[in-house]
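I opened this notebook to record what I looked up, entry by entry. The sequence and the model come just below.

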Amino acid sequence: MIAQQIHKTSPVACTRCDWLGTLDLTAQGARCAVCGAIVNPLRQKGLDNLRTHYRLLLKMGHHIDWTLERRAKEQERLERFFGAIDEPLRGPQNARGKINSAE
Ligand SMILES: [Zn+2]
């Protein structure tokens with residue numbers, strides 16, 4: 001008989017160093033792979049915030065102090081993360097068309 005161990009991983013974000021990843025939260029003391037801080041699971045709101053962050057990265061006029069290289073790296077990081085957790089990175093915002101940035 002083969003006992004299949006199913007590890008349920010959850011998307012997590014480190015508030016200290018901004019690390020994104022997936023962890024098995026049933027393990028005690030889920031910690032950041034980078035800095036070792038206790039990490040919190042990302043809920044829907046957290047994922048939405050990341051999607052917004054990603055969208056803004058693609059727009060001119062946001063993060064103007066960031067170099068193109070840093071933007072590209074951050075985009076890649078988010079794309080990889082959302083790919084790993086099997087969540088769409090470009091969500092319903094497409095239906096809304098243009099985003100008014102009135103800030
Ligand atoms: Zn960390």
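I began with the sheet, and I found three strands in an open sheet with the order β2-β1-β3 and antiparallel pairing; strands here are DSSP runs of E with at least two residues, helices are runs of H or I with at least four, and both are numbered from the N terminus. Two strands are taken to pair if DSSP finds at least two bridges between them. I noted β2 and β3 as the edge strands, since each pairs on one side only. I was looking at a predicted model, where local features need pLDDT of at least 70 and side-chain atom pairs count only at pLDDT 80 or more, while totals for chains, interfaces and linings use all residues. Residues are numbered from 1 along each chain as its sequence is written.

Next I followed the pairing of β1 (residues 9–13), which runs antiparallel to β2 and is joined to it by five bridges. Among the partners I looked up, T9 is bridged to D24 of β2, and S10 is bridged to L23 of β2. The two strands make a hairpin with six residues between them, and D18 in that turn has a positive phi of about 75°. Towards β3, I counted two bridges from β1, again in the antiparallel sense, and there V12 has P41 as its bridge partner.

I then turned to A30, which sits in the loop between β2 (20–24) and β3 (40–41). Leaving aside neighbours within four places in sequence, A30 is in contact with V12, L23, L25, I38 and V39, contact being C-beta atoms, placed from the backbone, that lie within 7 Å. The C-alpha atoms of A30 and V12 are 9.2 Å apart, although 18 residues separate them along the chain.

Last came the helices. I read α2 (residues 68–85) as 18 residues reaching 26 Å from first C-alpha to last, close to the 26 Å expected at 1.5 Å a residue, that is, 1.5 Å times one less than the number of residues. Just after α2, D86 takes a positive phi of about 60°. Where α1 and α2 meet, L50, Y54 and L57 of α1 face R71, E74, Q75 and L78 of α2.

Technical notes
Contact = placed C-beta atoms within 7 Å.
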